[in-house]
Amino acid sequence: MPILNDIKEILTGLSITFRHIFRKPVTVQFPEERRAMPERFRGSIVLTRDPDGAERCVACYLCSGACPVDCISMAAAEGENGLRYAAWFRINFSRCILCGMCAEACPTLAIQMSPEMFHCKRQVIDMVYEKEDLLIDGTGKDPNYNFYRHAGTGVVQPRGHGAGEQAPADPRSLLP
Ligand code: SF4
Ligand code: SF4
């Protein structure tokens, strides 16, 4: 009978309403209260250090190339030990869409998305973060990773001088 069906539907709806009336509210009073975000949450971006405390970033420009909105810029420099680092490193967060592609592209795990909520600013210019603002003291999500332990620190001898290595060909000697 249609009337019985209607009553059943109404009672079903009311039972759901009553169930939720007695549930604990889940509303968080942001910004006074802050939820702990999951570890993989893509929040504000940081530059991390390796386990020895050195800067991980080698200024390879991969993050900058991967960024779909072109908001990362930097200049590479080389230290006395021959290792590269970023002389300056800048992210314009007013353009960043927190997509995480920079972190995916980074071979040294230097650039990472932190679970911190992003801080908004009144002035757009304040959304431009320099290296000093981005660089943290910690290692971030992978505490034991050191890029140079995997990649080595560079070629230490001229080409052709290694054991069993032939000297590079002189292309001019190949001309007819
Ligand atoms: S999260 Fe995305 S948009 Fe933001 S800097 Fe990284 S690649 Fe660019
Ligand atoms: S943060 Fe990573 S990807 Fe970007 S320049 Fe530095 S090492 Fe390369």
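In the predicted model, three strands form an open sheet in the order 2-3-5, and their pairing is antiparallel. Strand 3 and strand 5 run antiparallel and are joined by two bridges. Asparagine 92 has valine 128 of strand 5 as its bridge partner.

The largest nonpolar core contains 19 residues. Leu47, Cys57, Cys63, Cys102, Cys106 and Ile111 have the most contacts inside this core. Four elements are listed as giving two or more residues to the core: strand 1 (45-47), strand 3 (84-92), helix 3 (101-105) and strand 4 (111-113). Strand 3 supplies the largest share, three residues.

Cysteine 63 is one of the core residues with the most contacts. Neighbours within four places in sequence aside, cysteine 63 is in contact with Ile72, Cys102, Ala105, Cys106 and Ile111. Among these partners, Cys102, Cys106 and Ile111 are also named for the most contacts inside the core.

Two ligands were examined. Around ligand 1 there are 14 residues. Those that come nearest are Cys67, Cys96, Cys99, Met101 and Cys102. By class, the shell around ligand 1 comprises 13 nonpolar residues, one polar residue and no charged residues. Around ligand 2 there are 13 residues. Here Cys57, Cys60, Cys63, Cys106 and Ile111 come nearest. The ligand 2 shell divides into twelve nonpolar, one polar and no charged residues.

Alanine 103 lies in helix 3. Alanine 103 is buried, because 20 other C-beta atoms lie within 10 Å and the cut-off for a buried residue is 20 or more. With residues up to four places away in sequence not counted, alanine 103 touches Ile111, Gln112 and Met113. Strand 4 spans 111-113. Arginine 23 is 80 residues from alanine 103 in sequence. In space, the two are 39 Å apart, C-alpha to C-alpha.

Conventions:
Residues numbered from 1 in each chain as written. Chains lettered and ligands numbered in written order. Predicted model: local features only at pLDDT ≥ 70, side-chain atom pairs only at ≥ 80, totals over all residues. Near = placed C-beta within 6 Å. Nonpolar A, V, L, I, M, F, W, Y, C, P; charged D, E, K, R; others polar. Core = buried A, V, L, I, M, F, W, Y, C linked by C-beta atoms within 7 Å. Buried ≥ 20, exposed ≤ 12 C-beta atoms within 10 Å, placed from the backbone. Contact = placed C-beta atoms within 7 Å. Pairing = 2+ DSSP bridges.
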